[in-house]
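Me: I want to learn how to read salt bridges in a protein model. Can you take me through some cases?

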Amino acid sequence: MAAPLLHTVVPPQGSVPSSPEPYYLPSGAEVSIFAHCHALELAVMLKGPTGCGKTRFVEHMAWKLKRPLITISCHDDLSASDLIGRFLIRHDGTAWQDGPLTRAVREGAICYLDEVVEARQDTMVVLHSLTDHRRSLPIDKTGESLVAAPGFLLVISYNPGYQRMLKDLKPSTRQRFVALDFDFPPASREAAIIERESGTDHGTAMALVSLGQRLRALRDRGLAEVPSTRLLIAAAALVVSGIPIRQACLSAVVSPLSDDEALVSAMRDLVDATFV
């Protein structure tokens, strides 16, 4: 069985993390609302397209709130046991090993399940008792019922536009979360993010944003995923490293988005029109 894709950042409890502050440019009241949810022990759901800054936002908030962060990238083989834990066979018998969700509950960490609807349905059921007044995690295999340590916060994210065609969160699950809506930022803010993250100049950043907006209009022509801010940053970084801008856009933006010849041709035309 596949293990969860896991990234853990665990600063000492109550101390300022030693890592630099993750850069995040707020677009509304999301920072304040998230902080209040943490204080009120309310689970949070982040909704928005791929690559619009949801994961960076959670990293920023964990740094700001001085909480450990455990991030789990969900996939269709992710089971409840992958999250909670399992008994491992050793030379001297068996031993219980906590999963990432259980560790977060014990440590009072922020637990972030990225693209949660990709996980199996039994995984979602496990989360329910952590999202209401109980704030508990039953572990059937050990007989424990863990009460979440102070500071624990459950955060999930998903892409409504993509998942609506395949699978979605049940209404009974959605209503357990405070929802924050994310989208690609306005042009000037997105350009500022690209400049900051790639080191490119303002003119190049604005040109890439213009290209991104043109390409995002192709969603109605069958483009399943539109270019994210992340892809535009990758293209900018290639330009800074010396790659010509058209080639950078083709390699970092156009090619990752589609293999459909008609769509790729249309996107190449937009690259040529943007960088005359």
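Me: Is R216 buried or exposed?

Reply: The cut-off for buried is under 20% relative accessible area. R216 has 14%, so R216 is buried. Keep in mind that this is a predicted model.

Me: Which side chain does R216 meet in a salt bridge?

Reply: The general idea is a Lys or Arg nitrogen within 4 Å of an Asp or Glu carboxyl oxygen. Here R216 pairs with E190, at 2.8 Å from N to O. R216 sits in helix α9 (residues 202–216) and E190 in helix α8, so the bridge ties together parts 26 residues apart in sequence. E190 is buried too, with a relative accessible area of 0%.

Me: Which residue forms a salt bridge with E197?

Reply: R56 does, and the closest N and O atoms are 3.1 Å apart. This pair links distant parts of the chain. E197 belongs to helix α8 (residues 187–198), R56 to helix α2 (residues 54–65), and 141 residues separate them. E197 is partly exposed at 28% relative accessible area. R56 is partly exposed at 29%.

Me: Which residues are linked with R56 and E197 in a network of salt bridges?

Reply: E59 and R196 join them in that network.

Me: What about D82: buried or exposed?

Reply: D82 is buried, with a relative accessible area of 3%. Its salt-bridge partner is R86, with the closest N and O atoms 3.1 Å apart. R86 is partly exposed, at 28%.

Me: How many salt bridges does the count come to?

Reply: The count is 12.

How values were computed:
Residues numbered from 1 in each chain as written. Predicted model: local features only at pLDDT ≥ 70, side-chain atom pairs only at ≥ 80, totals over all residues. Heavy atoms only, no water. Helix = DSSP H or I, 4+ residues; strand = E, 2+ residues; numbered from the N terminus. Buried < 20%, exposed > 50% of the residue type's maximum accessible area, 1.4 Å probe, protein only.
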